[in-house]
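Subject: Structure handover

Dear colleague,

Below is the structure I promised to pass on, with its sequence. After it come my notes on what was found, and I would be glad if you read them with the coordinates open.

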Amino acid sequence: MASFFLIFYLSMIMFLMGCLSFVSSRKHLLATLLSLEYIVLSLFIFLFMFLNFMNYEVYFSMFFLTFSVCEGVLGLSILVSMIRTHGNDYFQSFSILQC
């Protein structure tokens with residue numbers, strides 16, 4: 001019981017640190033994508049421990065991992081297309097007004 005609360009608090013601290021790094025990284029798209037993956041990892045740890053603590057089936061964690069992989073692939077495809085069109089992953093060179 002005590003180990004569940006310890007892992008719960010650690011995953012919440014990981015989540016908050018990931019959100020802090022997501023909000024503070026405004027220069028590179030790759031740093032933003034890495035902080036999003038860190039947030040997903042902390043949520044997965046929390047979800048897995050919660051499902052184990054409540055004695056539920058852990059198949060839902062497989063669905064969560066599947067959707068997080070799809071999110072990561074979508075982010076990498078946006079990164080590759082941005083590097084091909086603009087030459088780098090800086091947000092300053094990316095303009096919303098361009099098509």
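Of the 99 residues in the protein chain, 21% count as buried, where buried means under 20% relative accessible area, exposed means over 50%, and partly exposed covers what lies in between, with a 1.4 Å probe and protein chains only. The chain exposes about 7400 Å², of which carbon and sulfur atoms supply 77%; accessible areas come from the Shrake-Rupley method with a 1.4 Å probe, and for residues only the protein chains shown count as cover.

Please keep in mind that this is a predicted model, in which local features need pLDDT of at least 70 and side-chain atom pairs count only at pLDDT 80 or more, whereas totals for chains, interfaces and linings use all residues. Residues are numbered from 1 along each chain as its sequence is written, and side-chain values use heavy atoms, with hydrogens and water left out.

Overall fold

The protein chain has three helices and zero strands, running α-α-α from the N terminus on; helices (H or I, at least four residues) and strands (E, at least two) are DSSP runs, numbered from the N terminus. Among contacts with a separation of 6 or more, 54% are made by residues 24 or more positions apart, a contact being heavy atoms within 4.5 Å.

An unreviewed UniProt entry places the feature "transmembrane region" at residues 6-23, 30-53 and 59-83; UniProt positions are given in the numbering used here, feature names are shortened, and annotations may be inferred rather than shown by experiment. In the model, residues 6-23 are 100% helix and 0% strand, with end C-alpha atoms 26 Å apart, and residues 30-53 are likewise 100% helix and 0% strand, with end C-alpha atoms 35 Å apart.

The helices and what they bury

In helix α1 (residues 2-24) sits S11, which is buried because its relative accessible area is 2%. Leaving aside residues up to four places away in sequence, S11 touches S42, I45 and F46, and the C-alpha atoms of S11 and S42 are 5.3 Å apart in space although the two are 31 residues apart in sequence.

The buried residues of α2 are L29, T32, L33, S35, I39, V40, S42, F44, L47 and L51, and what covers them includes α1 and α3.

Helix α3 has 28 residues and reaches 41 Å from its first C-alpha to its last, close to the 40 Å expected. Its buried residues are S61, S68, G72, G75, L79 and M82, with α2 (29-53) included in what covers them. An α-helix has 3.6 residues a turn, so residues three or four places apart point the same way. S61, in α3 (residues 59-86), has a relative accessible area of 4% and is therefore buried; not counting residues up to four places away in sequence, S61 touches F44, L47, F48 and L51.

Loop, tail and backbone angles

In the loop between α2 and α3 lies N55, which has a positive phi of about 60° although it is not a glycine, and which counts as exposed because its relative accessibility is 67%. After α3 comes G87, whose phi is positive as well, near 90°.

Y90 belongs to the segment after α3 and is partly exposed, at 34% relative accessibility. Residues up to four places away in sequence aside, Y90 touches K27, H28 and M82, while Y90 and L29, 61 residues apart in sequence, are 6.6 Å apart in space, C-alpha to C-alpha.

Aromatic rings and cysteines

There are five aromatic pairs, counted where ring centres of Phe, Tyr and Trp (its six-membered ring) lie within 6.5 Å, with planes under 30 degrees apart called stacked, over 60 edge-to-face and the rest tilted. F8, Y9, F46 and F50 form one aromatic cluster.

The structure holds zero disulfides, a disulfide being a pair of cysteine sulfur atoms within 2.5 Å. C19 is partly exposed, with a relative accessible area of 25%, and C70 is partly exposed too, at 45% relative accessibility.

Key
Expected span 1.5 Å × (residues − 1).
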